[in-house]
Amino acid sequence: QPKLVAIPGSIRTYSANLAVLRTLADHCSARVSVDIFGLHHIPPYNADLDTDTPPGAVESLRAAIEQSDGLIICSPEYNYGIPGVLKNALDWASRPAYNSSLKGKPALIMTASTGQFGGARAQSPIRECLSATLCRVVIRPQIAIPRIDKKIAGGRLTDPFTLSQIDEAIEDLIKEVKLGKGAAP
Ligand code: FNR
């Protein structure tokens with residue numbers, strides 16, 4: 001079954017976006033295996049450090065993406081945009097330019113926020129950023145989960161409607177994975 005790497009756009013211990021990904025990993029375990037990669041140890045991007053021996057956490061991030069069949073991002077929106085920790089990690093992962101671990105990698109974007117728009121304003125910037133890396137972002141209805149604080153209990157997503165959205169999105173990501181590397185730009 002496809003092996004996916006899931007990246008939460010928040011490094012908060014009780015992150016709702018982490019909870020969504022944790023739930024997704026359990027909920028979809030019959031169809032995909034999901035490893036969650038937390039961004040706590042990724043340093044600020046610095047081209048001086050982006051050598052043949054980059055910081056260990058960066059090496060791990062790139063290897064996790066490289067060894068996966070696809071990527072899932074679940075992120076909050078910070079001030080109508082991409083949280084810095086996520087943008088920073090994508091910047092590290094994007095190098096070498098146009099030939100990184102992200103090239104041709106199927107990617108599903110999800111957002112969740114406490115607000116009424118579910119972090120929808122971060123969807124386009126994340127998509128745009130991933131398109132610069134030649135990622136194959138899955139084109140499908142957006143999953144933007146509003147009022148996320150009301151839908152988490154015990155560190156798990158409990159909302160049946162959102163879970164059904166996730167089910168469908170995972171099917172679409174699996175379809176993209178099955179297209180294979182031939183679909184890469
Ligand atoms: C936010 N939050 C937020 N929410 C939103 O809908 N639109 C926004 O522009 C912002 N901006 C923003 C900026 C900063 C600096 C913080 C800390 C928070 C609220 C955010 O959606 C909420 O805190 C989420 O719960 C964060 O996700 P995690 O950490 O629970 O995964």
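## Arginine 147 and its surroundings

Once neighbours within four places in sequence are set aside, arginine 147 is in contact with Thr114 and Gln116. This residue belongs to a predicted model, whose protein chain has five helices and eight strands.

**Arginine 147**

- Arginine 147 sits in the loop that links β6 (143-145) to β7 (152-153).
- Is arginine 147 buried, exposed or partly exposed? It counts as partly exposed, because it has 14 C-beta neighbours inside 10 Å.
- Phenylalanine 117 lies 30 residues away from arginine 147 in sequence, yet their C-alpha atoms are 8.2 Å apart in space.

**The fold as a whole**

- Reading from the N terminus, the elements of the protein chain follow the order β-α-β-α-β-α-β-α-β-β-β-β-α.
- The chain is as compact as a globular protein of its length, because its radius of gyration of 15 Å is close to the 16 Å that the globule rule gives for 185 residues.
- Along the principal axes, the C-alpha atoms fill a box of roughly 45 × 35 × 25 Å.
- Of the 185 residues in the protein chain, 44% are buried.
- Take the contacts between residues at least 6 apart in sequence: 78% of them join residues at least 24 apart.

**Around the ligand**

- Which residues come nearest to the ligand? Out of the 16 residues around it, they are Ser10, Ser15, Pro76, Ser113 and Gly115.
- Sorted by class, the shell around the ligand holds eight polar, six nonpolar and two charged residues.

**Helix α2 (residues 56-66)**

- The buried residues here are Val58, Leu61 and Ile65. Viewed down the axis of α2, they fall within an arc of 60 degrees, so they line one face of the helix.
- Gly56 and Glu59 are exposed on the other side of α2.
- The cover over the buried residues of α2 includes β1 (3-8), β3 and α3.

**Helix α4 (residues 123-132)**

- In this helix, Gln123, Ile126, Cys129 and Leu130 are buried. They lie on the same side of α4, because they cover an arc of only 135 degrees around the axis.
- Elements covering the buried residues of α4 include β3 (70-75), α3 (84-93), β4 (106-112), β5 (136-137) and β6.
- Just past the end of α4, leucine 134 has a positive phi of about 70 degrees.

**Backbone details worth a look**

- Arginine 95 and proline 96 are joined by a cis peptide bond, with omega near -5 degrees. Proline 96 lies in the loop between α3 and β4.
- Tyrosine 98 is also in the loop between α3 and β4, and its phi is near 60 degrees, a positive value in a residue other than glycine. Tyrosine 98 counts as exposed because it has 12 C-beta neighbours inside 10 Å.
- Asparagine 79 is placed in the loop between β3 and α3. Its phi, near 45 degrees, is likewise positive in a residue other than glycine. With 9 C-beta neighbours inside 10 Å, asparagine 79 counts as exposed.

**Confidence**

- The protein chain has a mean pLDDT of 97, and 97% of its residues reach 70 or more.
- The model's scores are ipTM 0.98 and pTM 0.97.
- Where pLDDT is low, the predicted coordinates should not be read in detail.

How values were computed: Residues are numbered from 1 along each chain as its sequence is written. This is a predicted model: local features need pLDDT of at least 70, side-chain atom pairs count only at pLDDT 80 or more; totals for chains, interfaces and linings use all residues. Helices (H or I, at least four residues) and strands (E, at least two) are DSSP runs, numbered from the N terminus. The radius of gyration is taken over C-alpha atoms; the globule rule is 2.2 Å times the number of residues to the power 0.38. A residue is buried if 20 or more other C-beta atoms lie within 10 Å of its own, exposed if 12 or fewer, and partly exposed in between; C-beta atoms are placed from the backbone. Two residues are in contact if their C-beta atoms, placed from the backbone, lie within 7 Å. A residue is near a molecule or strand if its C-beta atom, placed from the backbone, lies within 6 Å of it. Ala, Val, Leu, Ile, Met, Phe, Trp, Tyr, Cys and Pro count as nonpolar, Asp, Glu, Lys and Arg as charged, and the others, Gly among them, as polar. pLDDT is the predictor's confidence in each residue, from 0 to 100. The arc is that of the directions from the helix axis to the C-beta atoms.
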